[in-house]
Amino acid sequence: MIMMLSIFLSALCLAGLENVACAFCSVGKSRLLRTMPATSLSQSSRETTAKPFYIEEIETEGERRILGSQELLMLPRQYKPKKTNGDSSLTMNEGAVIFPQMNHVSCAILSKTPAEILLRQAIDETMRCHPLLRAYVEGDGEPEERIDAFQMVRKGDPNPCTFVAPYKDRFSSDDVLSIYSISGKERLALDESWQKAFERNLDDGSWCTPEKGPLWKIEFHRLNTGENSPCALIFSFNHAISDQTSANKIADQILTYISDIEETGSIKMQAVRQEMPLALEDSILGKKNRFSDIQMLGFRPGTLSYVAGKAAEGFKNPVILPDGSGDGGGVLGALATISGNSAGGRDQSSANRKSTVQFRTLSSETVSALLSKCREKNVSISNALTAAMTLVASDFVDNGKRQRSKRRNYKVLQSLDMRRFGKQLDKGETSACMAGSMDLIHGPILDRSGEKLRNNPTTERLQSFWNLAAEGRNQTTDFIDSKGPRDAVRVFDFAMTVSDMNNLVHLTSESKSSQGRAYSAGVSNVGVYERQKAVRQVGQTSRDALKNCHGDYKIEDVFFATSHARTGCLYQLSAMTIGGELKCTFHPASPIVCERTNEEFADAFIETLEIIGGIKEVKASALAEVPDLLPPNLLPTITAALGAVAIASHSDGLGTFYNSVMEMKANVDNTEDFWAALNFWIFFAVGHPILQPILWISDVLHGSPGPLIADLVPATFIAGNIFVIAVITLSKEIRNSVNIAALCAFLAYVGAGLDGQAGLADFNLALDDPYAGKVVNGCPAYEKVRQASMENFDLQKYQGLWYEQKFHDWTQFKEVYDTTLDIKLTADGEGWIDDFAVKGPSEKSAPLSWDKSPVANGAHYFLFGKVDKNDPKGVLRESGFGVTFPNYIVDVKKDPETGEYTEAIQFQCLERGGVRVFEGINFLSRKPQMTDEEMSAMHARAKKAGMYPYGASPEQMHTVARRPSGAPEIDNSWQAMWKAIGVDKLLELVTESIEDGGR
């Protein structure tokens with residue numbers, strides 16, 4: 001007999017039954033009950049009928065019932081195998097792991113806040129009506145002995161777990177109600193409070209001690225702003241006594257009582273005081289029809305077919321974890337679990353898993369549209385929800401590591417209200433857990449199928465969605481028609497009776513291979529709130545429907561969930577429709593699914609339904625099909641390889657730069673000075689690469705053929721942009737490739753600046769850069785470069801307008817033209833202001849777009865500095881971007897008649913820690929144009945000053961472009977547009993507001 005039980009149990013585990021148990025709302029969960037005498041209370045005490053067979057009524061104590069199998073799973077029944085002492089006697093293993101309860105949480109947000117005294121009265125009256133709301137549990141559920149080698153097969157049940165519901169008011173609102181007063185006046189503060197509590201209560205069942213009771217609690221979250229503010233009621237249940245239909249019924253009853261008492265001072269119509277509810281197994285199988293009653297006689301050929309079908313699911317290898325998170329365990333994992341071990345070994349961090357929760361609302365407009373579509377396609381909303389969950393799950397299972405053409409099977413847990421099946425003895429009159437489920441197998445489905453549908457909802461993809469929904473409908477119909485609910489309950493009743501299924505759940509939860517996951521996704525849709533039935537009132541022959549409004553109290557939102565932290569589904573949705581809106585809770589286990597992924601999943605799910613319902617329109621396009629023709633990761637790989645080659649070609653420059661930075665850091669005592677100098681370098685090193693694509697795109701824009709829109713933008717350019725943006729948006733491969741290419745191009749461009757390949761004049765970024773094969777360290781003293789022409793230098797005469805002719809300076813851009821410097825001293829002579837004027841880009845830099853630029857007619861930037869009396873004449877102190885450095889006036893040329901300065905050579909140099917970070921050289925003239933002879937003479941003077949090693953040679957300097965003298969201001973439709981939107985005013989404002997800057 002032991003061998004037969006072990007073999008059959010092994011078959012069940014291989015069939016995935018331990019996974020069914022891992023899911024909180026498994027279809028079949030049953031437990032042996034003792035047959036007890038039927039008694040009744042007098043009519044004067046309460047409305048009642050004869051007690052069912054399973055209830056023992058003791059007038060002084062109340063009602064008692066042994067828990068059913070499903071209730072034992074939720075409670076849960078503990079596992080404390082006896083250990084052998086030295087004298088061969090057996091004692092209870094008190095050191096066994098304590099299994100946490102399965103939690104069920106439901107939150108109702110009300111439009112108005114009731115008085116606390118009214119809420120307490122309503123709760124007290126409601127508890128009197130429902131036995132399990134005032135129940136506790138007696139008995140430890142330990143068998144007489146465990147008769148197999150693995151300590152998993154049970155014999156006998158001498159002290160069964162038993163619900164005890166006293167008639168006396170053992171429990172009241174004082175035992176279940178907690179008040180949370182919230183600082184704040186807005187709904188946002190309330191939402192933050194109840195959402196944190198919701199997530200906490202979902203995993204933390206430490207508030208409940210089953211042997212003491214009660215088995216539920218309610219939190220009252222209210223703002224401090226009074227009764228006209230919204231509030232939240234959070235119901236937390238040990239899942240053994242509730243399902244969401246029950247939670248809705250209780251909330252409705254409490255609100256009915258509050259409204260009645262507030263309006264009339266008493267309850268208008270009392271609810272019927274209910275009997276202890278049936279266990280799920282009796283409701284479906286009928287009385288005295290358990291495994292303990294009829295043994296194997298309850299099994300029929302269909303039951304064995306059900307077991308075989310469950311076994312076949314495992315061979316389809318459905319995905320239950322994101323890539324890289326575990327292998328799921330498989331057949332070997334099931335064998336390990338049967339033997340009392342966790343598949344893949346014990347995951348020490350399993351106890352740290354917790355629920356991560358997102359709340360979403362699908363609008364009534366979308367729900368209505370989706371319902372119409374479902375009716376048209378002959379499927380239910382639940383079928384649509386499971387199809388959407390499957391497709392969206394396919395977007396995330398690759399864990400961000402996309403695998404082209406990867407197809408997988410998905411196992412989806414679809415919840416069912418088990419009151420509708422079998423004998424249907426439970427009529428939903430009181431709180432009980434009648435939740436069950438069935439498995440849907442979908443696939444193989446291509447990875448990212450949901451993403452493809454949302455990005456490009458072609459007719460084919462939309463039809464694939466509806467095909468998936470229809471497949472779910474057909475599987476559900478087949479399950480019901482084949483009496484699957486009854487067979488599932490029968491099988492689970494057997495398994496729970498003869499084995500410790502709760503320990504299998506525990507071992508699965510600690511498994512490294514499965515991490516407690518048994519399903520790809522789960523959907524619990526409890527339907528429309530207003531179509532469910534309220535409690536029966538005294539004298540009623542039929543029950544009223546639930547209401548979302550009771551007097552002044554309107555239910556604005558209802559969200560619910562059960563914990564999947566220990567075991568359950570990879571992705572989980574709990575949903576209900578109220579007020580025409582679908583209230584969705586997404587609550588997978590973290591860190592398997594992180595908070596950010598859950599948020600993205602929730603958004604993707606809602607968007608999918610909006611597209612399916614036709615509320616959100618996305619134009620279908622063939623663009624999304626193009627990337628699928630390429631092997632996975634081909635484009636990013638090629639792009640990265642080419643980028644690496646480009647960057648590597650500048651490795652010498654990059655390596656030398658790094659060494660120089662380290663040298664500077666080692667030699668600078670003040671960390672702030674080091675970072676100020678480095679940030680100064682970074683700012684301009686970044687600016688140059690960013691400008692290049694802007695100029696390129698600008699020329700592409702104005703070089704595009706075709707008619708102009710508003711005489712500004714070619715229509716073909718707009719069409720091309722739409723195409724490119726669409727391709728990048730629709731294809732992650734191309735999007736990643738573009739990002740990689742941009743990053744590599746940026747790094748390669750900076751590398752080219754460091755080794756001198758990007759231009760020695762305006763982008764020579766090297767620190768202590770060499771000249772003629774020799775490295776020149778640091779900055780020279782002024783005396784080493786100062787020329788004889790600077791004798792008796794007069795700073796007053798240096799004021800005025802200067803035309804920049806050439807420069808070696810990476811704080812400037814070779815793309816600009818008509819650069820001028822208008823230098824003025826402050827009134828006290830201790831400061832100077834440089835009105836730096838530029839136009840850009842030049843015609844040479846952007847031949848097609850130069851005259852369309854917002855600064856084609858010029859922009860001004862003010863630079864500021866100090867005149868230090870301790871410095872030699874000809875030295876100005878220039879400040880900008882967090883650093884201060886000297887600006888040497890090295891040489892001036894004087895007009896032989898007037899003595900005015902007509903030409904000048906400026907030299908700026910920034911040094912930190914003996915390392916030259918920046919050098920700038922400017923050739924200035926009082927006239928716009930200079931002859932070649934004059935320019936050669938200026939180079940000769942710079943060479944004499946010893947400035948060639950710092951960048952003054954002809955090949956190291958850039959000649960500033962100039963428009964012909966007297967050229968008119970640029971005037972075209974683009975300039976008119978810039979003026980119309982106020983760019984010229986903005987530039988003036990920026991000019992006036994500058995207090996610090998630098999070239």
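Modeller: Gladly! The structure holds six cavities of 30 Å³ or more. A probe the size of a water molecule, rolled over the atoms, shows where empty space is left. On a 1 Å grid over the protein atoms alone, a cavity is a set of points where a 1.4 Å probe fits but cannot get out, whereas a pocket is an open set with protein on both sides within 12 Å along at least five of seven lines; a lining residue has an atom within 4 Å of a point. Grid points are joined across faces, edges and corners, and the volume is the space filled by probe spheres set on the points.

Two notes on how to read this. The model is predicted, so local features need pLDDT of at least 70 and side-chain atom pairs count only at pLDDT 80 or more, while totals for chains, interfaces and linings use all residues. Residues are numbered from 1 along each chain as its sequence is written, and side-chain values use heavy atoms, with hydrogens and water left out.

The second largest cavity has a volume of about 60 Å³. Asp124, Met127, Arg128, Arg134, Pro166, Lys168, Asp169, Arg170 and Phe171 line this cavity. By class, its lining has six charged and three nonpolar residues, with no polar ones. Here Ala, Val, Leu, Ile, Met, Phe, Trp, Tyr, Cys and Pro count as nonpolar, Asp, Glu, Lys and Arg as charged, and the others, Gly among them, as polar.

Now for the open space. The largest pocket has a volume of about 1200 Å³. It is lined by 47 residues, of which Asp417, Arg420, Asn525, Val526 and Gly527 are the closest to its centre. That lining divides into 16 nonpolar, 19 polar and twelve charged residues. Helices (H or I, at least four residues) and strands (E, at least two) are DSSP runs, numbered from the N terminus. Helices H7 (244-264), H12 (364-377), H13 (381-396) and H15 (459-481), along with strands S15, S17 (517-528) and S19 (553-562), each supply at least two residues of the pocket lining. The largest share, six residues, comes from S17.

S19 leads us into a sheet. Six strands form an open sheet with mixed pairing, in the order S10-S11-S12-S5-S19-S18. Its edge strands, S10 (177-182) and S18 (549-550), each pair on one side only. Two strands pair if DSSP finds at least two bridges between them. S18 and S19 pair in the antiparallel sense over two bridges, and His550 stands opposite Tyr553 in S19. S19 also pairs with S5, again antiparallel, over seven bridges, with Leu110 opposite Ile555. S5 is joined to the antiparallel strand S12 (residues 231-238) by eight bridges, and the partner of Ile109 in S12 is Ala232.

How enclosed is S5? Eight of the eight residues of S5 (residues 103-110) are buried, so this strand is largely enclosed by the rest of the structure. Buried means under 20% relative accessible area, exposed over 50%, and partly exposed in between (1.4 Å probe, protein chains only). In a regular strand the side chains alternate between the two faces of the sheet. Both faces of S5 are covered, with Asn103, Val105, Cys107 and Ile109 buried on one side and His104, Ser106, Ala108 and Leu110 on the other.

Next, the nonpolar cores, each a set of buried Ala, Val, Leu, Ile, Met, Phe, Trp, Tyr and Cys residues joined through side-chain atoms within 4.5 Å. The largest has 88 residues, and Ile123, Phe163, Trp216, Ile218, Phe235 and Ile254 have the most contacts inside it. A second, separate core of 46 residues includes Ala384, Met389, Tyr410 and Phe605.

Charged pairs complete the tour. There are 51 salt bridges, each a side-chain nitrogen of Lys or Arg within 4 Å of a carboxyl oxygen of Asp or Glu. In one of them, the closest N and O atoms of Arg408 and Asp447 are 2.9 Å apart. Arg408 lies in S15 (residues 407-417) and Asp447 in the loop between strand S16 (435-446) and helix H14 (449-455), so the pair ties together parts that are 39 residues apart in sequence. Both Arg408 and Asp447 are buried. Finally, Arg187, Asp191, Glu556, Asp557, Glu581 and Lys583 are linked in a network of salt bridges.
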